[in-house]
Amino acid sequence: MHSLTTSDFHPAGSSLQGLVGNTPVLRVSEPFTPADRGFWAKLEGFNPGGIKDRPGLHMVERARTRGDLLPGGPIVESTSGTLGLGLALAGMAYGHPVTLVTDPGLEPSMTRLLAAYGGTVDMVSEPHPTGGWQQARRDRVGELLAERPGAWCPDQYNNPDNVTAYTPLGLELASQMGHIDVLVCSVGTGGHSAGISRVLRQLYPELRLVGVDTVGSTIFGQPARPRLMRGLGSSIYPRNVAYENFSEVHWVAPAESVWACRQLAASHYATGGWSVGAVALVAGWLARTLPRDTRIVAIFPDGPQRYLETVYDDQYCADKGLSGVVPAPEPEEVGRPDEKEVTRWTRCADVVDPLSLVVEARGEGVEGGDR
């Protein structure tokens with residue numbers, strides 16, 4: 001009879017890929033809601049690198065299956081941080097060199113971490129005149145792809161695999177929660193809000209999806225402005241954003257997110273970065289104002305580690321004017337997303353693809369009933 005040696009033994013889930021998924025949920029209540037109310041937070045910071053470990057692995061796996069990414073082929077992508085960690089994990093798991101194009105706004109700790117995990121960090125030096133740092137990074141990705149035969153770019157903003165990567169997360173939530181009435185998601189590439197809501201809508205057809213963006217982001221029709229918050233928002237129009245799925249959108253300012261992040265840390269020992277604070281602020285308001293038995297789930301994309309030099313740094317917050325700001329108890333309201341430029345927490349219940357607003361402004365025939 002063959003006896004197992006130590007080297008033969010591999011517990012289930014002991015591969016690099018097995019580190020991702022099955023993250024916990026936590027009930028969040030005071031000080032965001034009265035003690036008898038609250039919402040549930042899906043803690044994606046329990047993945048090794050955060051929520052984007054899921055699409056990092058999935059997009060690479062699918063590209064390898066299709067033959068778009070050959071064995072040992074280079075991976076090149078633009079990132080503001082979290083997807084970079086997921087791609088570094090995928091590169092390590094499947095044997096691909098990874099180049100990550102970033103910009104000077106990336107936290108120094110994240111730059112060091114990406115390099116430690118084997119990624120080559122390529123930093124652009126100047127923003128694009130209209131598309132900002134995001135477009136400058138994408139242009140640099142194009143240059144690197146042209147220089148490297150066989151290189152592959154996941155194109156997270158438009159790649160449908162970025163959306164389907166979140167099917168397991170949606171199924172995890174359904175198993176953990178039993179029923180969900182409202183899903184609250186930050187929006188950057190649009191991947192996790194589209195992917196999770198698509199799964200949950202099949203199970204719960206009445207599900208409401210609430211999007212959370214940052215002031216200064218173009219995703220939902222606001223003008224592009226320099227943005228302090230990273231991980232949500234965009235200065236381009238990602239085609240993975242499922243505009244038709246959203247019941248409403250909220251824009252949140254950096255100081256409001258900082259307040260929420262620090263409140264979470266002090267009260268629940270579970271917090272994260274800009275997206276987490278913004279999502280918690282909105283989910284808390286929904287839990288205070290919707291009927292008591294409404295089951296609300298908020299996606300917390302990451303943990304606090306990469307934000308120790310920003311969100312959790314008193315001097316940084318003081319220098320940026322983010323200290324001592326307590327958000328209003330409810331958002332300001334606008335009737336349509338291009339009604340005015342928003343600068344504080346603001347809500348809009350009329351969500352449209354901003355590219356349709358451009359067409360409408362040109363008088364090219366978007367009918368009122370189609371909005």
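Which residues in helix 2 are buried?

Modeller: Happy to. This is a predicted model, in which local features need pLDDT of at least 70 and side-chain atom pairs count only at pLDDT 80 or more, while totals for chains, interfaces and linings use all residues. Residues are numbered from 1 along each chain as its sequence is written, and side-chain values use heavy atoms, with hydrogens and water left out.

In helix 2, the buried residues are Thr-82, Leu-83, Gly-84, Leu-85, Gly-86, Leu-87, Ala-88, Leu-89, Ala-90 and Gly-91. Buried here means under 20% relative accessible area, exposed means over 50%, and partly exposed is in between (1.4 Å probe, protein chains only). With 10 of its 13 residues buried, helix 2 is mostly covered. The cover over those buried residues includes helix 1 (53–66), strand 3 (75–78), strand 4 (98–102) and helix 3 (108–116). Helices (H or I, at least four residues) and strands (E, at least two) are DSSP runs, numbered from the N terminus.

As for its length, helix 2 covers residues 82–94 and reaches 19 Å from its first C-alpha to its last, close to the 18 Å expected at 1.5 Å a residue. That expected span is 1.5 Å times one less than the number of residues. After helix 2 comes Gly-95, which has a positive phi near 80 degrees.

Now for the setting. The protein has 11 helices and 11 strands, and 53% of its 371 residues count as buried. Its C-alpha trace spans about 65 × 50 × 45 Å along the principal axes. Among contacts (heavy atoms within 4.5 Å) between residues at least 6 apart in sequence, 69% join residues at least 24 apart.

Most residues other than glycine have a negative phi, and most peptide bonds are trans. Tyr-269, although not a glycine, has a positive phi of about 55 degrees; it lies in the loop between helix 8 (254–268) and helix 9 (274–289). Tyr-269 is exposed, because its relative accessible area is 81%. Asp-155 also has a positive phi, near 50 degrees, and sits in the loop between helix 4 (132–147) and helix 5 (160–164). At a relative accessible area of 27%, Asp-155 is partly exposed. Finally, the peptide bond from Glu-30 to Pro-31 is cis, with omega near 5 degrees, and Pro-31 is in the loop between strand 1 and strand 2 (39–43).
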